[in-house]
Each structure stands twice: as structure tokens, then as C-alpha cells.
Amino acid sequence: MSSFSAKTDASDRVVQVQLIQHVRPSNIEDLWSNIPSKSQQRLEMDHYLTETLEKWATEDDEMNKFVQDTSKIQALVNQIYFRSLNLGIRCKQENLSNYEFTFVPEGCLSCSRPCDHNDCATQTCHEVPFDQDVHFLVVTLTVVCRLLTLTNSDKLAMLLAKDTDDIYDFYKNERRMDYDQLVAEPKPIINSLIGVLNNAQCFPKLCNLVVSTMSLTTCRRPAASLQAANVQLIPIFFRYLRTILDLLRSSCLIETWTGITSFLNIIPALYQFGGWKIGQESANFKHLITAVVVTLCHICHDYVKEFDKPPSLDKLPETLSTRPLISTLLVIDDADEAEEDENLGQEQKTQRPVSLRKDLLNKNPESFAIIAGLEVLGWWSHKGVNLEVHIPVTDGEPYDVPTAIQEYRKVIDDIIANNSNLAYIQPILESIIKREKSPKPRTSQSLLYGPLVHSFRRCGLPSCRKSAGDAGHDLLFCAACNGLEQYCSKEHQKKHWKVHKHFCKNNRISHNK
């Protein structure tokens with residue numbers, strides 16, 4: 001429990017229960033309406049709501065009805081856009097980037113501050129005045145991540161990845177700051193979230209939720225999301241990975257755990273970059289490769305088998321709001337399993353666990369981060385990315401990616417020895433070290449390839465959205481955009497061409513160059 005909750009009496013508990021019962025998906029507007037945003041009652045409700053978020057919105061039927069209600073999810077997206085854009089503008093005006101790891105305010109598990117009680121032994125945690133927009137976005141994006149885990153949340157994902165006129169009308173009515181510039185250069189909603197990542201040093205918890213939202217959205221709608229984000233995403237992800245590295249280097253356990261979960265939550269989005277030729281040809285993509293490898297190597301360097309587990313919530317309750325949020329992306333269809341069963345021997349079938357991915361993520365997060373990070377590099381290599389990028393060092397000559405990975409070969413081998421189901425990464429590891437094109441892993445045996453390229457994907461036509469299981473066969477890859485869009489039939493590919501062609505042609509032209 002946070003210090004805030006510890007101060008509540010019995011009457012407050014009654015109010016807490018009433019609030020949680022009242023603020024349901026059917027009444028989601030109560031997250032931002034009825035109570036003045038700067039009032040103490042508003043703040044208390046946000047605190048109550050967030051501390052019991054695990055109990056909030058847990059009714060699947062109610063949630064499924066909500067994500068099908070366009071007006072409600074549009075209102076939710078409007079609020080996210082307004083708050084994140086407003087926060088970005090104020091961060092620029094107030095130069096908040098001067099702060100490092102600013103976590104506010106004390107005593108609130110929902111706010112962007114791992115050390116909620118300010119008891120960090122290293123005193124690396126700093127305080128700044130309470131910020132309502134940060135608080136609201138942490139609460140709301142936690143809800144959004146929960147909604148995006150539902151199989152029928154395509155409407156929400158689509159709204160996050162596109163620009164709509166009512167967003168700008170809403171912003172104009174709420175506040176006129178920079179509205180003229182906004183209309184002159186309209187940007188998709190997801191861009192306002194990308195802007196928040198520019199302030200990762202200030203708001204690590206909030207940015208963790210932002211990259212989780214982006215991973216969940218990008219894996220559901222890769223082509224649309226990457227088209228909306230544009231190549232500006234590459235340098236921002238690079239800077240964000242540097243922030244993750246700073247967190248990992250901290251001697252504060254809560255900050256280190258925040259760094260691990262942040263890297264885990266960004267991995268699915270990074271995986272989709274394998275087919276994004278426009279992004280790969282950005283001048284900053286080599287820097288992104290370097291940042292991924294350096295982060296991966298740092299996790300390997302600090303890896304200790306006995307400590308490869310989530311922190312105890314009893315000892316570190318502050319870690320409740322910094323968790324891996326990508327587990328729903330790691331499910332593989334029974335159809336994919338059955339198809340590969342025909343090619344596997346009985347011994348292989350017996351050894352393969354039913355829930356390899358989720359079990360590893362929940363029980364051994366650092367092992368998952370290391371193997372999944374290697375699979376990201378392998379997928380990029382398989383898609384034609386040159387990994388022979390030089391990594392600058394403070395002392396001595398710079399070395400390249402294969403050399404860096406080779407240095408931690410023993411750590412990786414030990415992880416595989418402890419879990420034979422991770423042996424699939426060996427050919428990928430060998431190819432990276434030998435500077436060869438990496439092989440494609442099996443659908444059922446990979447941590448990422450099976451779920452993200454096959455099972456989690458849907459037909460690109462918005463009115464269809466069938467999975468491979470629904471279609472009765474593998475979805476058809478759009479070869480021109482390197483499989484970032486898939487379809488259940490050629491007919492649906494033709495119907496969607498009017499929408500998809502701009503991104504597809506640009507990606508094709510970039511690839512041909």
C-alpha cells in the first residue's frame with residue numbers, strides 16, 4: 001500500500017469502494033469529467049482508482065462492449081491527445097529535461113515515480129511539483145493498455161494511428177495554445193504520445209506506458225502505426241533506449257526494474273521495424289541498432305540466474321505500476337501449433353511447453369529480455385538489415401555488433417542450458433556472430449516470430465480483421481511492404497489498396513533504392 005492509502009480511515013474506504021463501482025468502462029468519462037481536474041477530490045479519486053486498477057475494468061463482457069462503442073473510445077483518445085500534447089508543449093516551455101528521473105508525487109503508485117516513499121538508498125530520485133497531466137496520462141494509458149489486450153480492440157488501435165477532425169475541434173475548444181500550428185500541420189494521435197518519449201528522463205513510468213501502448217498498437221496495425229509515426233520514431237526510440245540504459249545502470253532496485261520492464265515493453269514495436277524499409281534507411285537507424293545492442297549487452301553483463309525474477313510486491317510495492325504489459329502479444333494460435341506438429345517428432349512435441357512465452361516473461365524477465373532482444377536482431381538480419389555497425393566505446397577501438405554479442409556468448413549459453421526450449425535461438429546467435437543472414441525461426445518455438453508475425457495478426461481490411469484461424473489458412477503477406485500488412489484474401493487486399501497504397505508504395509520505393 002502507498003503512504004496515501006495508509007492515511008485513509010474507514011469512511012475513506014467506503015468512498016473508495018463506491019468510486020470503483022461507479023467508474024466503470026460504461027462510465028469511463030468519469031475519468032476526466034464531473035469533478036474539477038485540480039480539486040483535491042479529483043486527485044483522491046485518481047489515487048483510489050489507480051491503486052485498485054487490477055480490480056477495475058476486469059469484466060470482459062463490459063470491456064468488450066466498451067471497445068465497440070466508437071463514441072466512447074473517441075472521447076478517450078481525445079483526452080489522451082489533448083493531455084499528451086499539452087504536456088509536451090509545457091515540457092518544452094519549462095525545460096523539464098533538466099530533471100533526471102523525476103518521479104512525482106510522493107505516496108502515489110500511479111504517478112511517474114518508482115520510489116513512491118522517497119526512500120531510495122542512493123538518493124537518485126528527485127521531486128518536482130505535482131503535474132496533473134502526467135498523473136492523468138499514467139492512469140488513462142494503463143486503462144488503454146488493458147483495452148488493447150482485447151481481441152476486438154481494433155477500433156481503438158485504428159483511432160490511435162490516424163488523425164481525425166474532431167480531435168482538432170476538441171483541442172480548439174479546450175485550449176487554443178498552438179492550435180493554428182496544429183491545424184496547419186495535422187498529425188496522427190500516436191504522434192502526441194511519441195512526443196512524450198522525448199521527456200523520458202523526466203517521466204520513466206509514463207514513458208513505459210507509452211511504449212507499451214505503441215507496441216500493442218503497432219503489432220495490431222503495423223503498417224498504419226508506422227505510417228502514422230513516420231521516421232521521427234527512430235531517433236526518439238534511440239533516445240528512449242539511452243534512458244532505459246541509464247535506469248539499468250542505477251543502483252536503485254526500483255529504477256533497475258523499471259529499465260528491464262521498459263525494454264521488455266518496447267521489444268514488440270522494435271520487432272516490427274524488420275519490415276520497415278523506410279525506417280531502416282533513416283540516418284538514425286544505425287544508432288538505434290547500437291542502442292539495442294548496448295542495452296542487451298548491459299542486461300547480459302548484470303545477469304545473475306538467482307536474481308532473474310520479478311521483485312517482491314511485499315518488499316517493493318512501488319513496482320506494481322512498472323510491469324511487462326506485452327504478455328497478451330505472446331499467444332500463439334492452436335492452428336499454428338497443429339500445423340507445425342506435423343513436422344515435429346514426438347519427443348519435440350512432449351518437450352514444448354504450452355505457455356513458454358508467458359511463463360518465461362513472468363518468471364524470468366531478464367532471460368526473456370536477452371533471448372527476445374537477440375530474436376529482434378535476428379529478424380532484422382533476416383529482413384536484410386546490416387548488423388555490422390560500429391559501437392563507440394570510451395576506451396580503445398570501437399567494435400561491431402557481432403563482436404559485442406560474442407563477448408556475452410557464455411551468458412546466453414547458460415540461459416539456454418537452463419531452459420532447453422530456448423535452443424531455437426542458437427542458429428540465430430551463430431549467424432549474428434558469423435556475420436551471416438539469420439534464419440527464420442519456427443512459428444511454435446520462437447518467443448516473437450510466431451505470435452507477432454502469425455497469431456496476433458489480422459486481415460488488413462478494417463471491415464474484416466479475420467485471423468489466420470478464422471480464415472482457415474495463413475494470411476497473405478503484402479510483399480511490397482515486406483509483410484507489414486496481411487490479408488485473408490486477394491479480394492480484401494484489393495479493397496484496402498486505396499488506403500494502403502501510400503505507405504506500401506513508399507516502402508517499396510525505399511526498398512528498391
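Select serine 431 to start. Leaving aside residues up to four places away in sequence, serine 431 touches Glu436, Lys437, Ser438 and Pro439. The model on screen is a predicted one. Serine 431 sits in helix 23. Buried or exposed, at 4% relative accessibility? Serine 431 counts as buried, because that value falls under the 20% cut-off.

**Along to arginine 435**

Next, select arginine 435. This residue belongs to the loop between helix 23 and helix 24 (449-455). Its relative accessible area is 40%, so arginine 435 is partly exposed. Check the backbone too. Phi of arginine 435 is near 65 degrees, a positive value in a residue that is not glycine. Most residues other than glycine have a negative phi.

Jump to asparagine 482. Here phi is again positive, at about 65 degrees, and the residue is not a glycine. Look for asparagine 482 in the loop between strand 3 (476-477) and strand 4 (486-487).

**Helix 22**

Now select residues 409-418, which form helix 22. Which residues of helix 22 are buried? They are Arg409, Val411, Ile412, Ile415 and Ile416. Turn the view to look down the helix axis. The buried residues of helix 22 fall within an arc of 165 degrees, so they line one face of the helix. An α-helix has 3.6 residues a turn, so residues three or four places apart point the same way. Lys410 and Ala417 are exposed, on the other side of helix 22.

What covers the buried residues of helix 22? Show these elements, which are among the cover:

- helix 16 (285-301)
- helix 20 (365-382)
- helix 21 (401-407)
- helix 23 (425-433), the helix that holds serine 431

**Leucine 361**

Select leucine 361 in helix 19 (residues 356-363). With a relative accessible area of 1%, leucine 361 is buried. Show its neighbours next. Not counting residues up to four places away in sequence, leucine 361 touches Leu264, Pro324, Ile326, Ser327, Leu330 and Phe368. Draw a distance to one of them, proline 324. The two C-alpha atoms are 7.8 Å apart, while leucine 361 and proline 324 are 37 residues apart along the chain.

**A helix pair**

Select helix 10 (residues 189-197) together with helix 11 (residues 204-220). Two packed helices are described by the angle between their axes and the distance between the axes. For helix 10 and helix 11 the angle is about 145 degrees, and the axes lie 9 Å apart. Their crossing is left-handed.

Now show the side chains where the two helices meet. Helix 10 brings Ile190, Leu193, Ile194, Val196 and Leu197. Helix 11 meets them with Leu206, Cys207, Val210, Val211, Thr213 and Met214. Colour this contact by class. Ten residues are nonpolar, one is polar and none is charged.

**Zoom out**

Finish with the whole chain in view. How many helices and strands does the chain have? There are 26 helices and four strands. Of the 513 residues in the chain, 57% are buried. Take the contacts with a separation of 6 or more: residues 24 or more positions apart account for 76% of them. The accessible surface of the chain comes to about 22000 Å². Carbon and sulfur atoms hold 49% of that surface.

Key: Residues are numbered from 1 along each chain as its sequence is written. This is a predicted model: local features need pLDDT of at least 70, side-chain atom pairs count only at pLDDT 80 or more; totals for chains, interfaces and linings use all residues. Side-chain values use heavy atoms; hydrogens and water are left out. Axes are lines fitted to C-alpha atoms, for helices over the stretch in contact, and angles run from 0 to 180 degrees between N-to-C directions. A crossing is left-handed if the near helix is turned anticlockwise from the far one by less than a right angle, and right-handed if clockwise. Contact means heavy atoms within 4.5 Å. Ala, Val, Leu, Ile, Met, Phe, Trp, Tyr, Cys and Pro count as nonpolar, Asp, Glu, Lys and Arg as charged, and the others, Gly among them, as polar. Buried means under 20% relative accessible area, exposed over 50%, partly exposed in between (1.4 Å probe, protein chains only). Accessible areas come from the Shrake-Rupley method with a 1.4 Å probe; for residues, only the protein chains shown count as cover. The arc is that of the directions from the helix axis to the C-beta atoms.
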